[in-house]
Amino acid sequence: MVSLDEAEGPVGIVDFTTQNGKVRLRASRCPSCGAALYPPREICPSDGTDSLEDILLSSSGTVYTFTVARQSTPEFKTPYVLVYVDFPEDVRVLLPFAGTEPPPIGAEVEIIMGAGPRLEDGMAVSTPHASLRL
Amino acid sequence: MEDVYVLGIGMTPFGKHPGRSAADLGAEAVNLALSDAGVSRAEIGAAWVGHVYQGMAMGQRALYAAGLSGIPIANVENACSSGSTAIWDASLALRAGAYDVVLALGVEHMTTMFRGALAPDPTDIEAQLGLTMPGIYAMRAQRYMAQYGVEPKDIAQIAVKNKRNAAMNPLSHFKKPVTLDEVMQGRLIADPLRLHECAPISDGAAAVVMVSKAKLNHFGGGRAIKLAASALRSGRTEVGLVDMTVEDLTWRTAKAAYEDSGVGPGDINFAEVHDCFSIAEALRVEGMGLVPHGEYVARVKKGEMDINGTLPVNASGGLLGKGHPLGATGVAQVVELVRQLRGDAGERQIENAKVGVAHCRGGKAQGVEGTACTVNILVA
């Protein structure tokens, strides 16, 4: 695990920041149609607006679905759990899950920093993970 | 719109071809299709060649090996729908009146390039987090099970059916049926999907010679089969929270094909469907409006999708049994429809095969359900 003080996005893959100890993913909102868009985009896919606002997603959401990946491409250490998390902003985001047992559909999760499943030079890459709320 | 016809078909065995190049496989399929069509090389006006991982000018390399050169040749990459997109391109050229006889080829040599799970493009954010193709279908399967109250063993029946069919197809990658117990004892690839529920890594090629209606009689088109519709669509960028068990892309593509041909879901009496994973077959048959959402696995269990059932699906063995050389897959599906509609499918012949649909879709990118989808409808 990476301490929150060290964790300032973008680190590696997912663009995020930390606020009051909470991990918040960066996203965009279209001022014209109101759609929240993840990851951050330059152009709204619904109406073509090209002046999108930067927003931060909530630091928690609910599990839409999950799997345990037991076979993958060579950059990943298996097995690992993946989840799609539905955020209150009406955005669905794929995240690694912090744990070896997958969470049930509908579980509330919060976003924390975790390591893996991607390896670079043999080291687990630090990235936001979904975690069951304590 | 002007009708077009499939005049000749050719396909190599699917499976492992360690000693042969993709060009050799492509040339074999082209040769078979030309002789099946009774068309000479000089009569081919243009060719479209679908492939995904074969590199620069694969189409030319395959057609040069087949003794075809100088004509317009276009390479087509559209993920797993590359071969069927080549057919779509060829059908448009015929309908536009640009050519009278054209060739569509799909080819892929994968066993020397890949082992294990395929993934979306490495620049994709989800691929960088570990999303694989089995992973995405496994997550859709988890939702499907939760929403419709089905179990992994219900979904696994699809693999049993398709491998049983594959055992009757001499060109299949797998020639041995499997029991439900064997599927359920297979190792997990991405929960709940197990080994037999994932399409294998295969080599192979398939080709079709297509002809305009105007020139059909010139070639004595007695064995030609009408391509009543060829539709291509791409995935729409998803905004908001969508139901991952419902394939919007499949439905929009099928609807375009229904409207183009005047053939409705109720007229279709057999299907070749993109079963890259067991659950995918359910999502697709439901997505095309052939079965209500959530009912597919119960119907498979009752035998409705068997070769002697009311709606046979993947009589060829599908991707799970016949194999899945990506670029070749969409063409091979059309090859199977033609064999069935001609009554040439041997042991796996569907009785009264009259209207067949081939559904092929491929690719995954962040924010879309799938990248490309084709639906081809063939009518005897």
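Entry 1. I began with strand β1 (residues 16-19) of chain A and strand β2 (residues 22-29) of chain A, which pair in the antiparallel sense over four bridges. I noted at once that the model is a predicted one. I then looked up a bridge between these strands and found that Phe16(A) has Leu25(A) in β2(A) as its bridge partner. I recorded that β1(A) and β2(A) form a hairpin, with two residues between them. In the turn, Asn20(A) has a positive phi of about 50 degrees.

**Entry 2. Backbone details in chain A.** I next looked up the cis peptide bonds. One joins Thr78(A) and Pro79(A), with omega at about -5 degrees. I located Pro79(A) in the loop between β5 (60-69) and β6 (80-87) of chain A. A cis peptide bond also runs from Gly116(A) to Pro117(A), where omega is near 0 degrees. I found Pro117(A) in strand β8 (residues 108-120) of chain A. I then turned to Asp121(A), which is not a glycine and yet has a positive phi of about 50 degrees. This residue, Asp121(A), sits in the loop between β8 and β9 (123-132) of chain A.

**Entry 3. Where chain B touches chain A.** I asked how many residues each chain gives to the contact. The contact takes 26 residues from chain B and 28 residues from chain A. On the side of chain B, the elements that give two or more residues are α4 (125-128), α5 (133-148) and β5 (188-190) of chain B. The largest share of that side comes from α5(B), with seven residues. I sorted the side of chain B that touches chain A by class and recorded 15 nonpolar, eight polar and three charged residues.

**Entry 4. A helix pair that includes α5(B).** I followed α5(B) to another of its contacts. It packs with helix α9 (residues 278-287) of chain B at an angle of about 65 degrees, and the axes are 9 Å apart. I noted that α5(B) passes α9(B) in a left-handed crossing. From α5(B), the contact is made by Tyr137(B), Arg140(B), Ala141(B) and Tyr144(B). From α9(B), the contact is made by Ile279(B), Ala280(B), Ala282(B) and Leu283(B). By class, I recorded seven nonpolar, no polar and one charged residues in the contact of α5(B) with α9(B).

**Entry 5. The sheet of chain B.** I traced an open sheet of nine strands in chain B, with the order β3-β2-β4-β7-β1-β8-β11-β10-β9 and mixed pairing. Why is one side of β3 (73-76) and of β9 (270-273) of chain B left without a neighbour in the sheet? Both strands stand at the edges and each has a single partner strand, so one side of each has no neighbour there. I noted that neighbouring strands of this sheet are turned by 25 degrees against each other on average, direction ignored.

**Entry 6. Two strand pairs in this sheet.** In β3(B), Ala74(B) is the bridge partner of Trp48(B). The chain passes from β2(B) to β3(B) through helix α2 (residues 58-65) of chain B, and this β-α-β crossover is right-handed. I then looked at β1(B) and β7(B), which pair in the antiparallel sense over seven bridges. Opposite Val4(B) stands Ser212(B) in β7(B).

**Entry 7. Helices on the sheet.** I found helix α1 (residues 22-37) of chain B lying across β1, β4 and β7 of chain B, and its direction is about 130 degrees to β1(B). I also found α3(B) packed on the sheet, where the strands it touches include β1, β2 (46-50) and β4 of chain B. The direction of α3(B) makes about 170 degrees with that of β4(B).

**Entry 8. The domains of chain B.** The domain assignment of chain B gives domain 1 (4-111 + 202-227) and domain 2 (125-198 + 230-379). I noted that their C-alpha centres lie 23 Å apart. The contact between them takes 38 residues from domain 1 of chain B and 35 residues from domain 2 of chain B. Which element gives the most to the side of domain 1 of chain B that touches domain 2 of chain B? I found that it is α3(B), with eight residues. By class, I recorded 21 nonpolar, 13 polar and four charged residues on that side of domain 1 of chain B.

Technical notes. Residues numbered from 1 in each chain as written. Chains lettered and ligands numbered in written order. Predicted model: local features only at pLDDT ≥ 70, side-chain atom pairs only at ≥ 80, totals over all residues. Domains from an automatic or database assignment. Contact = placed C-beta atoms within 7 Å. Nonpolar A, V, L, I, M, F, W, Y, C, P; charged D, E, K, R; others polar. Pairing = 2+ DSSP bridges. Axes fitted to C-alpha atoms, helices over the stretch in contact; angles between N-to-C directions. Right-handed = clockwise from strand over helix to strand, strands pointing away. Left-handed = near helix turned anticlockwise from the far one by under 90°.
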